[in-house]
Amino acid sequence: MLAELGGIAPAVLDDVDRLRSDLAAALTESGAQVRQIVTERFEPQGATVVAVLAESHASIHTWPEHGGMHVDVFTCGESADPVAAVRRLAERVGATDTALQVVDRGGAPRTITEPIAAGLTRRWELGRVHHVAHTGFQKVVVADTAHGVTLFCDDERQSTEHTQLTYHEALFWPGALLARKLERVLIVGSSEGVASELAVAAGATRVDHVDIDTEAVRICAEHLPYGYTPESLAAAERGAGPVHLTYGDGRRFVLDSTEQWDLILVDLPDERPDEPEAQINRLYEESFVQACADRLTAGGVLVFQAGSPAVWRDATLRSAWQRFHTVFGATGGRGVYIGCEEHEWAFLAGVREHMADPGEVAATRLAQMPARPELWDEVSLRHRLVAPLSLRRTTG
């Protein structure tokens, strides 16, 4: 626990005997075992107090001239509560401003700090942690959050129990409805397996699912309450049914294939323009978009997860929009924007043939489908397949 406490009387911050007593009491009340405390007062002001604990250590560094102190409490095990220790100390010293940050070091994490944009993060408080693993490709955490059971990969939220259908239906349904037929589907990524299930429900007779991270897919099947179950995953791994799961490099799978699909979905973590050497970026390059387009049937559709439309973090969406415009404009087709009820996500579909009003096409075809989405109807399709003006301006 890292904390900054402010609004404290300077006299308190310069009184090492009181600080020693207050720290010891706060730690003991929070379940820690204090073994010894060392204090040091500095001239002309300020103090440091360090407590050695059976669980690890705690420290205070004070700045009377600023009315504040920095506090670190590091504990292991379950008996001591470092958050409670800091809050009790804040009460004892009369702090009016309190800023807390939890940093997990080993064991099951209590929080995850997710990068959102430059200079901006989001902190998830975790309840029960179901699984933590380093798969060789990424760190995978499955834990309870305020959004239900949640999947994190490399500290980025990938899907949650409460919002996964919002995401996966936006990924699958508009593209499926724009496709002239829906018999063969290829899915690259999307380790949870929800997209595979949606494709089968919509009438696909063959779904090829390719994912490079075997362990991550199996973790999802075992611990997430949506998508593959261990039984359905085992069947997909055997190819015993409409879903055929291949563990391997999705980019290489597409480049080496001579087959064609009516719908190709590429569902990956976000592109990383700030990490030029990141391997994930190779699957966002124009050459890979072109390779996927070449593997489509005549009326086929390509769909990519393309980032967020929020104006403060839409750089990857703008880049993807340009790629789709270049690749599909050359065929007489176009890129189609797919909006989502949550600003976190947007998707792009590429159609190879002229389509003046994709929303109307999708809305008309919805009635012909053997299943319907829960979160999309004809009105949604007509309105959410219109790109934001800022995107439309970039391509005329």
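Student: What does glutamate 259 count as, at 36% relative accessibility?

Tutor: Glutamate 259 counts as partly exposed. Buried means under 20% relative accessible area, exposed means over 50%, and partly exposed is in between (1.4 Å probe, protein chains only).

Student: What kind of model is this?

Tutor: The model is predicted: local features need pLDDT of at least 70, side-chain atom pairs count only at pLDDT 80 or more, and totals for chains, interfaces and linings use all residues. Residues are numbered from 1 along each chain as its sequence is written, and side-chain values use heavy atoms, with hydrogens and water left out.

Student: Back to glutamate 259. Which side chain does it meet in a salt bridge?

Tutor: That of arginine 184, at 2.2 Å from N to O. A salt bridge is a side-chain nitrogen of Lys or Arg within 4 Å of a carboxyl oxygen of Asp or Glu.

Student: Where do arginine 184 and glutamate 259 lie?

Tutor: Arginine 184 is in strand S13 (residues 184–189), and glutamate 259 is in the loop between helix H8 (250–256) and S16, so the bridge ties together parts 75 residues apart in sequence. Helices (H or I, at least four residues) and strands (E, at least two) are DSSP runs, numbered from the N terminus. Arginine 184 is partly exposed, at 25% relative accessible area.

Student: How many salt bridges does the structure hold?

Tutor: 23. One of them joins arginine 272 and aspartate 154, at 4.0 Å from N to O. Those two are 118 residues apart. Arginine 272 sits in the loop between strand S16 (261–267) and helix H9 (286–294). Aspartate 154 sits in the loop between strand S11 (148–153) and strand S12 (156–160).

Student: What about glutamate 237? Which residue is its salt-bridge partner?

Tutor: Arginine 218, with the closest N and O atoms 2.9 Å apart. Glutamate 237 lies in helix H7 (residues 230–238) and arginine 218 in helix H6 (residues 214–223), so parts 19 residues apart in sequence are tied together. Glutamate 237 is partly exposed at 30%, and arginine 218 is partly exposed at 43%.

Student: Which residues do salt bridges with shared partners join into one network?

Tutor: Glu114, Arg122, Arg157, Asp270, Arg313 and Glu344.

Student: New topic. Where does UniProt place the feature "binding site"?

Tutor: The unreviewed entry puts it at Gln138, Asp211, Asp249, Gly250 and Pro276. UniProt positions are given in the numbering used here, feature names are shortened, and annotations may be inferred rather than shown by experiment.

Student: Take aspartate 211. Buried or exposed?

Tutor: Buried, at 8% relative accessibility. Aspartate 211 lies in strand S14 (residues 206–211). A polar atom of its side chain is 2.9 Å from the backbone nitrogen of aspartate 213.

Student: And glutamine 138, buried or exposed?

Tutor: Glutamine 138 is buried too, with a relative accessible area of 18%. Leaving out residues up to four places away in sequence, glutamine 138 touches Ala133, Cys153, Asp154, Asp213 and Ala216. Contact means heavy atoms within 4.5 Å.

Student: Last one. Which side chains make polar contacts with the side chain of glutamine 305?

Tutor: Aspartate 270 at 3.1 Å, and tyrosine 284 at 3.3 Å. A polar contact is a pair of N or O atoms within 3.5 Å; within protein, one must be able to donate a hydrogen and the other to accept it, and residues adjacent in sequence count only if both atoms are side-chain atoms. Glutamine 305 is in strand S17 (residues 296–305) and is buried, at 3%.
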